[in-house]
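Colleague: Hi! I'm new to this one, could you walk me through it?
Modeller: Happy to, let's have a look together.

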Amino acid sequence: MWAAFMLVMLSGGGTMIMRKFHNSIAVGFFMGTVVATSQLFFLLFLVYSGYSGDRVNSSQSGQEESVMAMFCFIQAVLLGSFAAILGAHRSEILDRTQGGLNSINDGEEVLS
């Protein structure tokens, strides 16, 4: 339930940042959140894999845990690849009109 809540909050916050807030702090926070959520799902994959192995060793069915482990691994890979793509293309997301040296000197001659 906690993981589902994290995904809902990540998608809602990510949608707001990608549509409205294009400054470096918001994009960096979003990238860090995506990486942290990816690591959370990888950790859940390891936990569910361990539970599945323990249940199989105690002669019980570990099928539910195996399915959850597979789901968590797929989610971790998807979030990790999204974070890599976001990191590679973050300069296209950032708004260049919000200050900085490049936006101050755009269209003006620099006096020497």
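Colleague: Which side chains meet in a salt bridge here?
Modeller: Those of Arg-55 and Glu-65, at 3.6 Å from N to O. Keep in mind that this is a predicted model.

Colleague: How many salt bridges does the count come to?
Modeller: The count comes to one salt bridge. Side chains of opposite charge can pair when their charged atoms come close.

Colleague: Which helices do Arg-55 and Glu-65 lie in?
Modeller: Arg-55 is in helix H2 and Glu-65 is in helix H3, which covers residues 63-88, so the pair ties together parts that are ten residues apart in sequence.

Colleague: Is Glu-65 buried or exposed?
Modeller: Glu-65 counts as buried, because its relative accessibility is 16% and the cut-off for buried is under 20%.

Colleague: Nice. What about the loop between H2 and H3, which residue lies there?
Modeller: Ser-59 is one of the residues in that loop. Its phi is near 60 degrees, a positive value in a residue other than glycine. For background, most residues other than glycine have a negative phi.

Colleague: And is Ser-59 buried or exposed?
Modeller: Ser-59 is exposed, with a relative accessible area of 71%.

Colleague: Changing topic: at what angle do H1 and H2 pack?
Modeller: At about 160 degrees, with their axes 10 Å apart. That makes H1 roughly antiparallel to H2, because an angle over 145 degrees counts that way. H1 runs over residues 2-19 and H2 over residues 24-57.

Colleague: Is their crossing left-handed or right-handed?
Modeller: The crossing of H1 and H2 is left-handed.

Colleague: Which residues make the contact?
Modeller: On the H1 side they include Ala-3, Leu-7, Leu-10 and Gly-14. On the H2 side, Phe-30, Thr-33, Leu-40 and Phe-41 are among them.

Colleague: Stepping back, what does the secondary structure of the whole chain come to?
Modeller: Five helices and zero strands. Along the sequence, the pattern reads α-α-α-α-α.

Colleague: And how much of the chain counts as buried?
Modeller: Of its 112 residues, 21% count as buried. As for contacts in the chain with a separation of 6 or more, 67% are accounted for by residues 24 or more positions apart.

Notes: Residues are numbered from 1 along each chain as its sequence is written. This is a predicted model: local features need pLDDT of at least 70, side-chain atom pairs count only at pLDDT 80 or more; totals for chains, interfaces and linings use all residues. Side-chain values use heavy atoms; hydrogens and water are left out. Axes are lines fitted to C-alpha atoms, for helices over the stretch in contact, and angles run from 0 to 180 degrees between N-to-C directions. Helices (H or I, at least four residues) and strands (E, at least two) are DSSP runs, numbered from the N terminus. Angles under 35 degrees count as roughly parallel, over 145 as roughly antiparallel, 65 to 115 as roughly perpendicular and the rest as oblique. A crossing is left-handed if the near helix is turned anticlockwise from the far one by less than a right angle, and right-handed if clockwise. Contact means heavy atoms within 4.5 Å. A salt bridge is a side-chain nitrogen of Lys or Arg within 4 Å of a carboxyl oxygen of Asp or Glu. Buried means under 20% relative accessible area, exposed over 50%, partly exposed in between (1.4 Å probe, protein chains only).
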